[in-house]
Amino acid sequence: MGGAPAASAGGRCERPPLLPRVAATQGGGMLGKGVVGGGGGTKAPKPSFVSYVRPEEIHTNEKEATEKEVTLHLLPGEQLLCEANTVLKCVQEDSCQRGIYGRLVCTDFKIAFLGDDESALDNDETQFKNKVIGENDITLHCVDQIYGVFDEKKKTLFGQLKKYPEKLVIHCKDLRVFHFCLRYTKEEEVKRIVSGIIHHTQAPKLLKRLFLFSYATAARNSPATDPKKHAVMFDTLQDWCRELERTKGNMKYKAVSVNEGYKVCERLPAYFVVPAPLLEEDIEFFQGRGIPIWCWSCHNGCALLKMSALPKEQDDSMSQIQKNFSDRIYRTVHRPPYETAKTEDLSSNFLSLQEIQMAYSKFKQLFLIDNSTEFWDTDIKWFSLLESSSWLDIIRRCLKKAVEIIECLEAQNMNVLLLEDNASDLCCLVSSLAQVMMDPHCRTVFGFQSLVQKEWVMGGHCFLDRCNHLRQSDKEEVPVFLLFLDCVWQLVHQHPPAFEFTETYLTVLSDSLYIPIFSTFFFNSPHQKDMNVGKESQDSQSRPLNLLTVWDWSVQFEPKAQTLLTNPLYVEKPKLEKVQRKGTHFKHQRQLSLPLTQSKSSPKRGFFREETDHLIKNLLGKRISKLINSSEELQDGFREFYDGWHSRPPSYQGLLLPHLEGPEIKVWAQRYLRWIPEAQILGGGGVATMSKLLEMIEEVQRLQEKIEARHHSQEALQAEAASPPRTSGRLSSLFPFALLQRHSSKPVLPTSGWKALGDEDDLAKREDEFVDLGDV
Amino acid sequence: MEKSSSCESLGSQPAVARPPSVDSLSSASTSHSENSVHTKSASVVSSDSISTSAENFSPDLRVLRESNKLAEMEEPPLLPGENIKDMAKDVTYICPFTGAVRGTLTVTNYRLYFKSMERDPPFVLDASLGVISRVEKIGGASSRGENSYGLETVCKGIPNESWRITKVNERYELCDTYPALLVVPANIPDEELKRVASFRSRGRIPVLSWIHPESQATITRCSQPMVGVSGKRSKEDEKYLQAIMDSNAQSHKIFIFDARPSVNAVANKAKGGGYESEDAYQNAELVFLDIHNIHVMRESLRKLKEIVYPNIEETHWLSNLESTHWLEHIKLILAGALRIADRVESGKTSVVVHCSDGWDRTAQLTSLAMLMLDGYYRTIRGFEVLVEKEWLSFGHRFQLRVGHGDKNHADADRSPVFLQFIDCVWQMTRQFPTAFEFNEYFLITILDHLYSCLFGTFLCNSEQQRGKENLPRRTVSLWSYINSQLEDFTNPLYGSYSNHVLYPVASMRHLELWVGYYVRWNPRMKPQEPIHNRYKELLAKRAELQKKVEELQREISNRSTSSSERAGSPAQCVTPVQTVV
């Protein structure tokens, strides 16, 4: 079971110069030899706690461990803080648990377990591993909850401990669950590691103490890649001007630099876009509040705008001033008949952040599973548990809101003004969702990254607070960005060919939220970032720190692994571009071809209602009238727009709408189920499709090359023809995330029983056939 | 079930003049939406080009597809042998999705056809009479065509030293619901088989379904033993099971899987049935799989229909789905099949599977276990063989379960057992998207023709009855229709799995409602066809390039003087697209 230890070294050699190999600094810290050999193994451990770990298994594992040295890899600037030896990591395997001895360490970047279970990965698979975060590494920001097991009871751990647990259970924000048994660890080491881990993951932190800065300082001299290669950063006036040009919004909107140096407002980026008639003084009037800020322009000239609310005033005269101001500002985007605007107040008529927080905390518990029993117990009531978390319903509401907004922009030719207190949570969510649906550019990797940069990073979404990176307030922790990714996942899942990126891309992006070497998700605003990297201050430091952006995927993944991030079936031919530019004219044509448009179907409905209303009521009874009512609900514009779009074949390079019906909103299985061994489909899942596709595409390319090389010598052609196509091994559905859980070859059998049938009980007791068997 | 809506005659016209055998059209529980018609006509276009390459396709059926193009008439396009029984004008059809439409309703001896020219494109509703569950049905299609029954049902490698083929049931005297040929342990003579038969309900003795090519572990199927309240025993039956165990040298144990919940198995004793006691059957271990009976399944499907038709309630969708228990049943069936496959594969142990009569749950379990264990059954032809073998020849009572030709729609013998099996297969194809040669459309087509009565495949209850009715002569087989246009039913991603044992995960987390089947009439639910087309394009591209390479190669070898040696090789290299991977 332990596997061959030799293989693990191969993976580490792959690390780039950026992340040098650093051996453990503490003398004698290597696992094994003295410590383990003399320790728990020979005295047969009393199995009161890890009763499921059979002594002989521990023994086997230990023998291998003694032959092996496991090195701790530290990033530049990373420091070892505390460690403990002879820690037993419990893993689920073939529905029984086993333990792996190793060393548990805590650095200022991560918690890491150094055992020998990184074994038996063939070279091909190590190429898919994350280069920064290993399978047994947990960044400090990724830790969600820590539990201790005391006498078989699980308790949350925080603050100073009086008693130290036998077992440490760590729930991660990427939904991994680690079980570390400390029974065979020396007492003082237990104290040190447990209190160390608790302190470093849970105590409030200062921004300046983020690992981000130590890393950037230490890696100062490494060559930085140009972030502009990966996304438009929107930190210059030009970026905004180009975006205006791209969306043809430059007629009505202008990029302004009034906030350069954050003179006006610290919430807003240095550069942004406002309606052209707006005066720069107006922006300063309420420090940028109450000003429509441009997000995106539709092909028909309508724009999506966002606005933060004006401060609430008690004073009558002040509120009169505010009202006058608002009215005047509103007229810059609402000038009938030329231009009309609709205001969408996201603070009052939509989701609340608390709802999102509550839903997600319930939802994630469904995946933080401690053992098989829990898995199968929750399996029986899975759907109702899912529903009671209401996470999927929240996703539906977000998608629906975006469709509503699109309907305004596209079908009603109205500007849409999104309103929120700070315009930095739901505004980001809804406006970027709308853009993903309307703008095919946002469905490319580059475009999507630019979108996140524009709406979220520059839009001042408080990543630091919303992810609770500094552990300062649990109340502020709301997974708004994750909700956005989940919504995008629904779209990717429903319309795969429309996206250049895959669900794996979204999953690794969600993981990157917790890796503090990238600056992207570790500031509350561009102002805060600039203040802290020394861009604005005249510090003694010679040049500002060079922070990495998450968009450079080569930091985390080898080229081979990066192939899993892009969609081989992406429909990229922008054939429709010309047609799209025709704008309203084109739209009109499309509407006429709809079978469900108002103009065509209403006369029939009218006929039906007049002539047969009484018939329905009197003759046909309830069942029929139910059917009729359901068809009448189609009347409103939203339904018509939505149904109209879905009745046509989707155009992947145009407007893309999600399905919103109950069965169509699904659980993002890859992200949420990937660490659960019971849920792994050996040889199946989406990865099977993906690898099959990559195989086919590789083959097509090979053939194409062959044809191009036809003028070359005949032997070459002959020789190549003989080479067999690459065959993919049996990957598990958890690939590329949980590489290690793959050796199981037995099926996972459900253990839970059958739930009561309730009212069907009498049916269950009935005979299959009404035949008397007695006379046989 | 799945499709239903109401077709009502409205207005002052006398309600549809009743055709001879249709009792009443009000509340006919059948319909297609506009949507279905669109997809149908789309397939016509594509299949026309294919039909030229179809060799063994009967000419009659080709007419069916071409005649679909007659768009402008209010009369339905007719199949060979189909004739109009009655027609009524000014009938209003209430479509739950788009409102009322007025048009002409026609009834033929095959279908119910409604067409309205009020809309553009014309609104068409076309349902074969067989799908109607609550109107009296007219018996099967009489289209005569080529006879292509007779898929072989004998296992590979039989007889071997432990198993033999017996003709004891040649005249269906041993068991009228079993096929004429049976495979039984070699050392049990026919005389003893008869005594075993008397101890098994309806004479359904344990017979071989599948044998593991390496370990010789077997899957055998039968009905419950007639133990009764008194706990009767049968020496011959015990010896028989011992013989099954002995035929597999790898294991000294045999597993008996009783598909029922143990409570029901016990309750069956009162009726003379029951289960094997471990005392009587040495080395046997009895496992109950807790799968419920046909009545529970029927009720579950009824509830399912209620939550998906005509509208889906968004907010309570998940708890509504859970309350139907449909996926729970699917999970239990899959879990049962998993246990069986695991015993055979990892345990190298032979298994005996039965429920009460051994033609519902047993068929589900054995056929699913075989799908997991044997890649052959995951091909199109293999799956056809599987259905012919485990379902048709071993006497799943299709007529009774579907209710063809029976007006009693509340008949308790009706149950969606076969549908449930196909749903399980669909769930497996979802979990292993590259492991099956067939696609979703194949499964849907099978189900459509389970009800359509266009083909003789699913008529009658047993091989004996089908023989008596002379169905192989009088009807066309569904398989010949499918095999004549394989391309439509092929999964473009198929490959590289044939030798693997597949274990699906029987967890609710991986099961989902088969929207493409149960909710396909809802116009808001669209199948994800385009993505499949992308796969197909890719395959086509590869095939094209492959051809190019072959040509170049041939050209080169022609140019070189020693071409004679290689003359045969290029042709061999041209591998069919589906099999090369």
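UniProt, in an unreviewed entry, places the feature "domain: Tyrosine specific protein phosphatases" at residues 324-371 of chain B. In this predicted model, that stretch of chain B is 67% helix and 10% strand.

As for confidence, chain B has a mean pLDDT of 77, with 75% of its residues at 70 or more. Two stretches need caution. Residues 135-156 of chain B stay under 50 in pLDDT, and the model has 60 contacts for them beyond four places in sequence. Residues 563-581 of chain B are also below 50, with 24 contacts in the model beyond near neighbours in sequence. Where pLDDT is low, the predicted coordinates should not be read in detail. For the complex, the predictor gives an ipTM of 0.81 and a pTM of 0.81.

The largest cavity has a volume of about 400 Å³. It is lined by 25 residues, and those closest to its centre are Asn130(A), Ile133(A), Asp511(A), Trp675(A) and Phe737(A). By type, the lining divides into 14 nonpolar, six charged and five polar residues. Helix 18 of chain A, residues 503-512, gives the most to this lining, with three residues. The largest cavity lies between domain 1 (80-118 + 129-203) and domain 2 (237-537 + 544-565) of chain A, because both give residues to its lining.

Definitions and conventions:
Residues are numbered from 1 along each chain as its sequence is written. Chains are lettered from A and ligands numbered from 1 in the order in which they are written. This is a predicted model: local features need pLDDT of at least 70, side-chain atom pairs count only at pLDDT 80 or more; totals for chains, interfaces and linings use all residues. Side-chain values use heavy atoms; hydrogens and water are left out. On a 1 Å grid over the protein atoms alone, a cavity is a set of points where a 1.4 Å probe fits but cannot get out, and a pocket is an open set with protein on both sides within 12 Å along at least five of seven lines; lining residues have an atom within 4 Å of a point. Grid points are joined across faces, edges and corners, and a volume is the space filled by probe spheres set on the points. Helices (H or I, at least four residues) and strands (E, at least two) are DSSP runs, numbered from the N terminus. Ala, Val, Leu, Ile, Met, Phe, Trp, Tyr, Cys and Pro count as nonpolar, Asp, Glu, Lys and Arg as charged, and the others, Gly among them, as polar. Domain bounds come from an automatic or database domain assignment. UniProt positions are given in the numbering used here, feature names are shortened, and annotations may be inferred rather than shown by experiment. pLDDT is the predictor's confidence in each residue, from 0 to 100. Contact means heavy atoms within 4.5 Å.
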